[in-house]
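Work through the exercises below with the sequence and the model at hand. Each task is followed by a solution in steps.

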Amino acid sequence: MEYKKLKHSDLHKIKTLGQLKAAGYQPKSIKEELRENLILKIKAKENVFEGIWGYEDTVIPDIERAILSRHNINLLGLRGQAKTRIARMMTHLLDEYVPVVFGAELNDDPMQPLTSYAKELIEEKGDDTPISWWHRSERYTEKLATPDVSVADLIGDVDPIKAATMKLSYNDERVIHYGLVPRSHRSIFVINELPDLQARIQVALFNILQEGDIQIRGFKLRLPLDIQFVFTANPEDYTNRGSIVTPLKDRIESQIITHYPKTLEIGKKITVQEANLTGKPVDQIHIPELMKDLIEQIAIEARSSEYVDEKSGVSARLTISAFENLVSAAERRLYMNGESNTVVRIADLIGVIPAITGKVELVYEGEQEGAGLVAYNLIGKAIRTQFVNYFPSPEQKKKEKQGNPYVLPLAWFGEGNVLDILASQSDKTYKEALHAVPGLEEVVTQLAKNVPEKEKEFFMEFALHGLAEYSQLSKNLLDTGLQFKDLFSSMFDMGPGDEDDFEDEDDL
């Protein structure tokens, strides 16, 4: 029977080098292994990078071309673009098990021994050399590049304690303590944030990338290592903290540029897939599709905001954390009011501000405004953008001669009425408050199409937020929620020092 056709249970019955030869095993490099398995998956139309959305026509074809070309890869992109995740998923392209010389420090191939230990063992025992089987999940090494990483960490060094314990001369190869790179022989080796690696350490990688070997201290030994290198780098690092030295960039055959989701729908898929909702009463919390759109819209607004550093990027972790906070806001309300189920509210978006402030790097003007206000600003812009997808623009309706559908609710606020939407108020109180605004329900039933009954109040609140973002109403942030009132009365009600607050809100 051919070696390739052996089942895993049959492989584990092979215990010696002689049995391995008899089975027809032929050694192959890790790059050849990746290439062959990728070809099989492409022919079978299997998705190698399951759960990676938005890269089907851009990044993934580039990666597949690089693997077919047997290239080392550098994934270049801003934070939160699944670079490390892609690297980890490349292990799925490895053979499930490969044979190694039993006890060999560098997981030597029995047919191509690398270390003196493996060579001497095979010379001594021949076909009786014991072998073991190495699973693909173990053939992955990852190192975060930090300024304190040394050549000894990556490549290796002489270990004086080993020399003393084993009573060996410093000229003996066995006194070497191997670093991460040689220990990754026959594996995928990933260096995250490569530019953060000091230039002199990057130089130590030249030989392994070009000639495929390393040299340690003064030893004549040269190890022809078999490694698939994958690097990740952030373009921001090229200018702020460090850079990839030119000869090293030249030796990395394929540099693949990653990107953020190009559509809101792709962003939603990623967020829902990655959000950790384990243990949450998700079956008791209804999340309208519009709310998922708003969460993604916040990230889109942040990526184009004048207050957010464009070079730093806005990670997909922002929407994931924001979505988790949103569900938690509704969950908290459930417990506080002893209710069996609830629908998330637009006001719950205030609870996602902490998820935004830690995920965006502000430019100088943004820092002056303050992270909290910038986050509130982004939420407002997201609401404004999505509002016209469901309701006619209040500005446009004001200009038209036909009746303004928003006139009744606006007139109610114009009479001095105020509406408070609090984060913790019960569903009953919340609904009563919204239905107390004349004409608001009609705005939703007549203008917003196909709104489910249980989402009616959600859209009624959304209409108020939209009117506020289009400067038809005043919206003020309270300690425990939001307050809506007439725009002009709020101008006259300003006390000393309130004028700046109003100007800030008008910018939203």
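**Exercise 1: aromatic rings**

Phe391 has a relative accessible area of 2% and is therefore buried, where buried means under 20% relative accessible area, exposed over 50% and partly exposed in between (1.4 Å probe, protein chains only). The model is a predicted one: local features need pLDDT of at least 70 and side-chain atom pairs pLDDT 80 or more, while totals for chains, interfaces and linings use all residues. Residues are numbered from 1 along each chain as its sequence is written, and side-chain values use heavy atoms, with hydrogens and water left out.

Task: classify the pair formed by Phe387 and Phe391.

Step 1. A pair of aromatic rings is described by the distance of the centres and the angle of the planes.
Step 2. Rings of Phe, Tyr and Trp (its six-membered ring) pair if their centres lie within 6.5 Å; planes under 30 degrees apart count as stacked, over 60 as edge-to-face and the rest as tilted.
Step 3. For Phe387 and Phe391 the values are 5.1 Å centre to centre and 25° between the planes, and the pair is stacked.
Step 4. Phe387 is buried, at 0% relative accessibility.
Step 5. Phe458 and Phe459 have ring centres 5.6 Å apart and planes at 80°, so this pair is edge-to-face. Both Phe458 and Phe459 are buried.
Step 6. One aromatic cluster includes Phe387, Phe391, Phe458 and Phe459.

**Exercise 2: strand β16**

Task: which strands pair with β16, and why is β16 largely enclosed?

Step 1. Strands (E, at least two residues) are DSSP runs, numbered from the N terminus, as are helices (H or I, at least four). Two strands pair if DSSP finds at least two bridges between them.
Step 2. β14 (residues 419–422) runs antiparallel to β16 and is joined to β16 by 4 bridges; Asp420 stands opposite Gln483.
Step 3. β15 (residues 473–477) is also antiparallel to β16, over 5 bridges, with Ser474 as the bridge partner of Lys485. A hairpin of 3 residues connects β15 to β16.
Step 4. In β16 (residues 481–486), 6 of the 6 residues are buried, so the rest of the structure largely encloses this strand.

**Exercise 3: charges over rings**

Task: which rings have the charged end of an Arg over them?

Step 1. The criterion is NZ of Lys or CZ of Arg within 6 Å of the ring centre and within 35 degrees of the ring normal.
Step 2. Arg251 lies over the face of Phe206, 4.6 Å from the ring centre.
Step 3. Arg345 has its charged end over the ring of Tyr430, at 4.1 Å from the centre.
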